Amino acid sequence: MASATLLKSSFLPKRSEWVTAARPAASQPMAVSFTVRAGAYSDELVKTAKSIASPGRGILAMDESNATCGKRLASIGLENTEANRQAYRTLLVSAPGLGQYVSGAILFEETLYQSTVDGKKMVDVLNEQNIMPGIKVDKGLVPLTGSNDESWCQGLDGLASRCAAYYQQGARFAKWRTVVSIPNGPTALAVKEAAWGLARYAAIAQDNGLVPIVEPEILLDGEHGIDRTFEVAQKVWAEVFFYMAENNVMYEGILLKPSMVTPGAECKERATPEQVAEYTLKLLHRRIPPAVPGIMFLSGGQSEVEATLNLNAMNQSPNPWHVSFSYARALQNTCLKTWGGRPENVKAAQDTLLVRAKANSLAQLGKYTGEGESAEAKEGMYVKNYSY
């Protein structure tokens with residue numbers, strides 16, 4: 001039933017956009033009403049999504065909130081000040097040649113309006129590198145009343161005006177992250193809330209010129225096996241696409257940011273990259289329409305090397321979508337440690353970032369070998385109940 005509804009409603013417009021044929025006289029056959037989907041940004045959305053989903057490139061997620069960025073800085077002994085956040089973000093966006101491997105960068109609101117330490121706008125530096133600026137638009141997770149200690153993502157209030165302002169500032173895509181917890185259920189309430197919130201956000205973002213990245217992260221928390229993850233992921237993505245269809249979201253103008261299908265972080269039976277690829281691609285083929293331009297995976301606490309190996313395994317044969325990366329920690333971890341807050345280490349840190357970006361670029365093309373990786377890049381980064 002859901003599939004039939006999905007097919008019939010994928011491109012239905014808002015009620016205000018309907019064009020209805022005039023009713024004929026009683027003696028004539030009844031005219032059938034028809035619909036027209038109108039959208040001022042439709043062509044631009046498709047072009048933006050295709051640009052981000054370009055061969056050998058993916059997304060640098062650097063949209064950590066100021067609080068989370070503070071935790072990262074604290075790990076290298078730095079105070080959480082705007083100046084230190086600015087210095088680190090400048091290092092990332094100005095890495096020479098980063099645009100060869102990265103097509104988009106997700107920013108936190110502070111960064112979108114921020115300048116580099118040299119006084120240039122962060123957005124301008126990204127554009128010069130041929131990297132599309134994006135923006136995190138959700139307002140974070142809060143407890144979901146009536147659930148099994150689960151969360152929902154807030155931020156729909158005022159979202160339209162925020163998106164319009166972000167577009168004027170130079171952002172061309174957006175991100176909204178909600179989460180689903182397997183150990184806590186997930187309950188039907190939590191899945192429906194996650195799917196509906198993502199669908200409303202996606203429709204509002206598109207209406208204001210931003211390509212929405214749709215991200216229902218299935219957390220790694222738990223002892224469950226890969227089959228349980230697959231079962232939950234099927235349910236979540238079925239709900240997400242059902243509600244996106246109900247909200248008239250244009251699939252050609254979105255990007256997805258799913259979790260890879262892996263066992264829970266505390267499961268004793270680990271999966272090989274080939275197994276992760278098999279389960280994840282099976283999920284995508286069952287749930288994701290080929291109209292979607294790009295699947296930009298999150299790393300979710302995997303080690304830098306593990307995330308790259310899994311991505312590479314998924315690109316060993318052609319896919320109907322661009323299968324790539326949207327990594328934060330899996331691109332930044334070694335880079336941050338190399339920098340250590342010292343100006344003299346900036347170039348070495350940028351070189352480290354470029355090594356990881358190039359590795360994932362090769363993985364997107366199915367050409368990554370894993371040779372010469374450091375022990376540090378193989379260290380896991382899983383954090384229970386991780387939040388941005």
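## Salt bridges

A salt bridge is a side-chain nitrogen of Lys or Arg within 4 Å of a carboxyl oxygen of Asp or Glu. In this predicted model, local features need pLDDT of at least 70 and side-chain atom pairs count only at pLDDT 80 or more, while totals for chains, interfaces and linings use all residues. Residues are numbered from 1 along each chain as its sequence is written, and side-chain values use heavy atoms, with hydrogens and water left out.

By the salt-bridge rule, the count comes to 12.

## The chain as a whole

The protein chain contains 13 helices and 10 strands; these are DSSP runs, numbered from the N terminus, of at least four residues (H or I) for helices and at least two (E) for strands. Of its 388 residues, 55% are buried. Here buried means under 20% relative accessible area, exposed over 50%, and partly exposed in between (1.4 Å probe, protein chains only).

## A pair within one helix

Glu231 and Arg228 form a salt bridge, with their closest N and O atoms 3.2 Å apart. Both lie in helix H9 (residues 226-246), and because they are 3 residues apart, about one helical turn separates them. Glu231 is partly exposed at 45% relative accessibility, and Arg228 is partly exposed at 28%.

## Pairs between distant parts

Glu44 and Arg172 meet in a salt bridge of 3.4 Å, N to O. Glu44 belongs to helix H2 (residues 42-52) and Arg172 to the loop between helix H7 (159-169) and strand E6 (173-180), so the pair ties together parts that are 128 residues apart in sequence.

Lys175 pairs with Glu215 in a salt bridge, the closest N and O atoms being 3.6 Å apart. Lys175 lies in strand E6 and Glu215 in strand E7 (residues 211-218), 40 residues apart. Both residues are buried.
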